[in-house]
Amino acid sequence: MEENKDVLKTDQPDCVLEIKDLSIRYDTDDARVYAVNGIDLKLKKQTTLGLVGETGAGKTTTVLSLLRLVPDPPGVITGGEILVNGNDVMKLSRKELSAMRGKEIAMIFQDPMTSLNPVMTVGDQIAESIMIHENVSKEEAFKMAQKMLETVGISGDRAVEYPHQFSGGMKQRVDIAIALACHPNILIADEPTTALDVTIQAQVLKLMKDLKDQFQTSMIMITHDLGIVARTCDEVAVMYAGRIVEEGTLEEIFKKTMHPYTEGLFNSLPNMKDRSSKLKPIKGLISDPTVDYQYCAFADRCPYASDKCWQEVPEKRYYSETHMVMCSAYDDPQFHIARGHENG
Amino acid sequence: MSKKTNAAAQPGRKTQGQLIWHQFKKNKGAVIGLIAFLAIVGLAIIALFIVDYDTQIAGMLIKDKLQKPSAAHIFGTDHLGRDVFLRVIYGAHYSLLIGFLGTGVSVLFGTLIGAVAGYFGGKLEWFIMRLVDVLMTIPTMLMATCVVAAFGISITNLILAIGISTAPHFARTARASVMTVRGNEYVEAAKAIGTNDFVIMFKHVMPNALSPIIVQATNRVATCIIAAASFSFLGLGVPSPLPEWGAMLSDAKPFMRTQPYLMIFPGLAIMITVLALNLIGDGLRDALDPKLKR
Amino acid sequence: MKMAEIILEVENLVKYFKSPRGTVHAVDGVSFTIEKGKTLGIVGESGCGKSTTGRSILRLIEPTSGTVRFEGKDILQYSASQMRRMRKDMQIIFQDPYSSLNPRMTVSQIIMEPIIRNKLIRDKKKREERVLELMKTVGLAERLYNAYPHELDGGRRQRVGIARALAVEPKFIVCDEPVSALDVSIQAQILNLLKELQEKLGLTYIFITHNLSVVYYFADDIAVMYLGKLVEKAPAQELFAHPVHPYTQALLSAIPEPDIDTQREMIMLKGEITSPINLPDACRFAKRCNYCCEDCMKKDPELQEISLNHFVSCFHPLV
């Protein structure tokens, strides 16, 4: 693979979200957790970016920081910049922050069971968001909430019902309605369908895609499921131990996979085409989040590791305008991983 | 090849007990409470050796009566010439005894029936919990009065009365806790290997259901101490001339205006003991709560 | 032709629960057979009754009615003491690695308990050796002998659960979503382990899961359940290649595949999964089915064999 050295463009005008060299750490009584370690991320207009990784990769912490929701203490943002629609989130006042949340950027959480207030009607919860940001009366806000419910496929009459009267899939739709009520241009979905059944998941994913097109929203979709990524995302960033180890377009990540961890994730999945082939799991355990890795965190588990992998943090290399890989093995221009090269 | 062993594979070997203690230590209030409590216990034990029954309990040296606190008698003396300080620390052991034994009776009786109710469910549960409901409706004061009227005033009767009247609370807690633990898959796993119900209940369920009971017990000791003091104050508890704190308060009533220290010191003793126990209880609750992130 | 040895025969297994709102038809007449050494995958979504079926077969939940013949003998007729002896042959691996291990017991105590309960090895030293042997078999390092569950991650805990199940040398294991709570890379490790053990020890599995790609990889035959009934059963490859029940088709189409070239068109089902309480006498899937007709609303279809080893219960199988 030819590294493309002069392709780095740091200022793209159509970027709604930009993270530069972000590092976040949790200082608890027992230990220091290095959750996010120097990541760069860009979200373009009307694009869906998949943030892929396993437990402890730092995905949730990263997106919480976009809304400045990282609990402080014990969370400490030790470096970097977060620009939402061009505004530096860290420099906003409480009032500006409040105005931004929900209006410009909104979030859907993983567990629909606990993200809704059980003692408020569904309509009121949607209207709450509307009333914070729009200058409308209570009645008007409620009417808009009903319309929002219709948009997500729930009858507007049900706005007066309480969360416990809805099933899991419907609750997630309500969450989506709340998030999109003020038409934010950035939506963050943190494993939105993990707790749902497969057929309901299909419905919710389709809904999200339709709404994304309708409202022209850009989305960050956090998931560990590469199948969902294939179905819903345009671009992908793979995280491991608080770093982005590979990022690129959907095509690049699936067809031109470069990082050994990404390859490992694909190999861990059952091959739908060949039942008899054995699963090739990644050996070892997930990295220890209390360690401040001054070298490649994946080295212990990597089948291609060599001495230099334990000596320094790998460089970020760009192989196209969009395709980035952090792996020292590529110091050798002849190196390639097995995936994609099975035929020689 | 691997130069660094995976840190997650090297656990600092700590038992659950050590983990709980470690968490408890972080709560400064709880630690202060523990120190205070241990000091009181220490003094109570010393008191049993150094206090002379004749002078300080029965009160034979009336000539020293009603002296204000001084170097010789740091808490002063009462109307029978007895040293208040010595009586206070001697009296500690009554409160502690009644508090702990009373709670012990409660815990034993209440937890047992509550656990059985929670584990087996069905008609047995219904029957036990209705019994518990009935017991709960009887006010402790009333219960104690009945017991005393029937069996006479003594420390044992006081312990029994207090114990039985607070048992229902433990029954409820135990039942709820057992029901929660019962739902865990390791209980099913025990069934799957053929373990019988009683072994499951005592080996798997009870040890894991104890946390809320321990916390409640610590709080109950404090309540029992106050109850004991109240009963003694009313003359239903520890009989005179034994220096139970509540009884001391009662004796000090006629001298309230002229020798207030006779009331203040026993009162303070009760307050500090109860406060210490409550702080310990809070610390224990926080340390045992699995939801609080460590 | 050698007759494959059938180790488990389930006939009309029924489990109803009483709830304040009515009778919950958790499992409503499920029948299937499993050959020795094979894996039957049971798939379905919430409320389909797959977990209840697994537990009912082991009598961890007492079935309401039906027959469960293990090695030819109906275990539902067994007394408590006979059942206790059966427990050595039939074991279970649980889904949640966090609640399936007693937090107050060490790894060795957890694995040793079944051996002690069933009086399998009297000599203490030999028991310890057996535990170490089991730990090695499932890939647990020796130094974890005295570790507590809270010191271990999900994957390791699950291995302890597997070792515990193996301790009694069972012939048959119900795996209830054994990898659903684990990270993808660890899932693969555990699945490989389970497959290895099956080959080495000749185990028969029931593999319960909602993850269709995992079951495709792991199971020989797959049974699809919906609201307490078996709607389709076929060898794994056959089921995925030719699903005939509308629900199976929708289910398979809904799996997001990690492949950007071939994406199945998602078949959208109407509505939500209905409640298994007080069900009317009609096909349970009728309300959501895109092919529903009058017949479907009148009677509940029976399970029929439409081709070799391929069973379906539907009035209009989509052949």
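Strand 1 (residues 15–27) and strand 4 (residues 75–84) of chain A run antiparallel and pair over 8 bridges. Strands here are DSSP runs of E with at least two residues, helices are runs of H or I with at least four, and both are numbered from the N terminus. Two strands count as paired if DSSP finds at least two bridges between them. This is a predicted model, in which local features need pLDDT of at least 70 and side-chain atom pairs count only at pLDDT 80 or more, while totals for chains, interfaces and linings use all residues. Residues are numbered from 1 along each chain as its sequence is written, chains are lettered from A and ligands numbered from 1 in the order in which they are written, and side-chain values use heavy atoms, with hydrogens and water left out.

Stay with this pair in chain A. Ser23(A) stands opposite Gly79(A) of strand 4. Leu17(A) faces Val84(A) of strand 4 in the same way. Strand 4 of chain A also pairs with strand 5 of chain A, antiparallel, through 2 bridges. There, Leu83(A) has Asp88(A) as its bridge partner. The two strands form a hairpin with 2 residues between them, and Asn85(A) takes a positive phi near 50°.

Contact means heavy atoms within 4.5 Å.

Strand 1 (residues 6–19) and strand 4 (residues 65–70) of chain C run antiparallel and are joined by 5 bridges. Glu11(C) has Thr67(C) of strand 4 as its bridge partner. Strand 4 of chain C is also joined to strand 5 (residues 73–74) of chain C by 2 bridges, again antiparallel. Arg69(C) pairs there with Asp74(C). These two strands form a hairpin with 2 residues between them, and Glu71(C) in the turn has a positive phi of about 50°.

Another sheet in chain C is open and has 8 strands in the order 6-7-8-3-9-10-12-11, with mixed pairing. Strand 6 (90–93) and strand 11 (304–307) of chain C stand at the edges with a single partner strand each, so one side of each has no neighbour in the sheet. The twist averages 20° from one strand to the next. Strand 10 (residues 229–235) and strand 12 (residues 310–312) of chain C are joined by 2 bridges and run antiparallel. Lys233(C) has Phe311(C) as its bridge partner.

Two helices lie across strands of chain C. Helix 6 (residues 184–201) of chain C lies across strand 3, strand 6 and strand 8, at about 155° to strand 8.

Side chains make links as well. The whole structure has 38 salt bridges over all chains, each a side-chain nitrogen of Lys or Arg within 4 Å of a carboxyl oxygen of Asp or Glu. One of them joins Arg284(C) and Asp28(C) at 2.4 Å, N to O. This pair links distant parts of the chain, 256 residues apart. Arg284(C) sits in the loop between helix 9 (246–254) and helix 10 (294–298) of chain C, and Asp28(C) in strand 2 (residues 22–35) of chain C.

Terms used:
Axes are lines fitted to C-alpha atoms, for helices over the stretch in contact, and angles run from 0 to 180 degrees between N-to-C directions.
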